[in-house]
Amino acid sequence: MRIRHLIARHLGHRRRIDETRLVRRRTQLAGRRASRQYQHRRNGAVPDPFHVLTALFVLFSSATIPATSHAKAQDAYPPIVPIATERSTSQPAGAPVPLSLTDAVALALRENRDIRSAYLSRIVQKFDLVVARSDFWPKVGISANVSARRADGTTYADSSVTPRVALRTTTGATVDFTWQRRDRLEPGPHLADETATFLISQPLLRGAGFDVNLAPLRIARLQEQINQLNLKTTVSNIVSAIIVAYRTLVQSQEQVRLAELSLERARDLLTTNRALIAAGRMPAADIVQTESQVANQEVAMLQARQQKISAQLALIQLLALDSRTNILAADAIQASHVDIDMDRLIQLGLSSRMDVLAQSKALEISRQAVSLARNNRLWDLRVTGSITQERGLDTPAGAIDSRTDKAIGIQLGIPISGDLSGRQGEIQATIGLRNAEIAYEGLVQSAELQIRDGVQSVEASWLQLEAARRARALAARALELQQEKLKVGRASNFEVLSFQADLRAADTQELAASIAYLNALTALDQQVGNTLKTWRISLND
């Protein structure tokens, strides 16, 4: 019995829908016939009486039947209950914290972990330069020794102390001064002796000259400049990432606003449809489309909120804030046209880009390495000289024995065969220089191409933004006209829903075009190497 009841209920439901569709079809046919008769009347033709009676009957039927059929159909399609939204425990909570883009950049400079790690690495890198400079500083040291030995029943003890000073000059010469004093500690007369030695050695071929000896210091200074450029690159990349993440948050917030606005428009249309149904001017079955649109807009709103939370968390990670901080982007999207001079940007990029400058420093390091490798293959020819003074002291006798030795000479070392390390070093340095030259040329070309591509991306993004703004204005006007037509019965509900969807797509397209244009400007600024100057950031380095 229950199954029969359900089948009968279903058949009755289908019958009511068919009646409603039949009424709408008769109404449309009647309208078309009346229109044709009006055209015939204007042309002088006489209308067919049968057609006139048929049209009046259909109009009378459509005025009496929908009162019951619409009500039954409305009962068959109950309103959709709005989706219940609960706050997730994983999303940021608490009072909203408005944050401007300037504040976000300043906060990142202070709290970002990558920037803090880069500054810590600079401590080690700076000390490497100090070590290179200390190669020409005097080296002072002292050594001491106390020993005792026993032989043939007799114990001998003595002590020695040896201060030493060594110096390497920029010409390659080495200067060494040593003073040593030895004392006997066993009982008996106090015996001691002192020795002072002064040595000097000046290379004439290998290791001689200012260029060779100052090359390691030049390399260290060039490496320090590269390290400074790497720090600027790190900070510039983080700042650009903060800007993009901030605008992503702004975009997600605007997506939420647009989704709420679309949902509001869909609900307003639903209210209008219910009023038209109550007035008998629209079939009740058509309201299902509007209710479906409301449900779809609710889903879109939930998706927009989820994207907003993801954008918040991404920005929080870059700023190294508490994961529960409910940050909100306070700046609005303001995209205005920027005039660009291509040639000036290319010149600025080749002179300001950190990677181009760093590669030029690396190229100079390779040249210094070749100079050192070639010098290392020369003969070891040097002039040496020494002065040695020895003095003995006998306390009971009070005698002092002194002697001075002086020497000067030339040393020569010639590698004959078997040692290929010098040739190996020269080949490696030469190939490294060629590779550095190729890398520099490729990087210069790549930088120019990137700047040109960035300029055309900015210009294309601006044209897309202008087109998106026009499309949005036209979509809003078209929806307004369709809503006015719906109120007077000259537009269908489906058409209004379609124009609402077009307006939502146009809003999203305009927002995405604005963000894309601003991000293209940020990317171009980074490709030129001007991000830090644009934001007036001076590094404390």
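Select alanine 320 to begin, in the loop between helix H7 (287–319) and strand E6 (327–329); helices (H or I, at least four residues) and strands (E, at least two) are DSSP runs, numbered from the N terminus. Phi of alanine 320 is near 55°, a positive value in a residue other than glycine. Is alanine 320 buried or exposed? Its relative accessible area is 18%, so alanine 320 is buried, where buried means under 20% relative accessible area, exposed over 50%, and partly exposed in between, with a 1.4 Å probe and protein chains only.

Before moving on, note that this is a predicted model, in which local features need pLDDT of at least 70 and side-chain atom pairs count only at pLDDT 80 or more, while totals for chains, interfaces and linings use all residues. Residues are numbered from 1 along each chain as its sequence is written, and side-chain values use heavy atoms, with hydrogens and water left out.

Colour the chain by pLDDT next, the predictor's confidence in each residue, from 0 to 100. The mean over the chain is 82, and 81% of the residues reach 70 or more. Contact here means heavy atoms within 4.5 Å.

Now select the strands from residue 139 onward. Strand E2 (residues 139–151) pairs with strand E3 (residues 154–168) in the antiparallel sense over 13 bridges; two strands pair if DSSP finds at least two bridges between them. Lysine 139 has alanine 166 in E3 as its bridge partner. The hairpin of E2 and E3 has two residues between the strands, and there aspartate 152 takes a positive phi near 55°. Serine 159 stands opposite aspartate 183 in E4, and in the hairpin of E3 and E4, with five residues between the strands, glycine 172 takes a positive phi near 100°.

The next stop is the largest nonpolar core, in which Val105, Ile242, Tyr246, Leu315 and Leu319 touch the most other members of the 26 residues. A nonpolar core is a set of buried Ala, Val, Leu, Ile, Met, Phe, Trp, Tyr and Cys residues joined through side-chain atoms within 4.5 Å. The elements that give two or more residues to this core are helix H4 (101–111), helix H5 (113–133), helix H6 (210–278), H7 and E6, and H6 gives the most, with ten residues. A second, separate core of 21 residues includes Leu270, Leu276, Leu479 and Ala506.

Returning to valine 105, select its contacts beyond the neighbours within four places in sequence, which are Val239, Ile242, Ile243, Trp535 and Ile537. Isoleucine 243, placed in helix H6, is buried at 2% relative accessibility. With neighbours within four places again left aside, isoleucine 243 is in contact with Leu101, Val105, Thr522 and Trp535. The C-alpha atoms of isoleucine 243 and asparagine 519 are separated by 8.2 Å, although these residues are 276 residues apart along the chain.

How many aromatic pairs does a search of the whole structure find? The search finds one, and its rings belong to tryptophan 462 and tyrosine 517, with centres 5.1 Å apart and planes at 50°, so the pair is tilted. Rings of Phe, Tyr and Trp (its six-membered ring) pair if their centres lie within 6.5 Å, and planes under 30 degrees apart count as stacked, over 60 as edge-to-face and the rest as tilted. Because tryptophan 462 lies in helix H10 (residues 421–487) and tyrosine 517 in helix H11 (residues 493–528), the pair ties together parts that are 55 residues apart in sequence. Tryptophan 462 is buried at 12% relative accessibility, and tyrosine 517 is buried at 0%.

Finally, follow H11 to its end, where glycine 529 comes after the helix with a positive phi near 85°. Further along, arginine 536 is found in the segment after helix H12 (531–534); its phi is near 55°, a positive value in a residue other than glycine, and at 79% relative accessibility arginine 536 counts as exposed.
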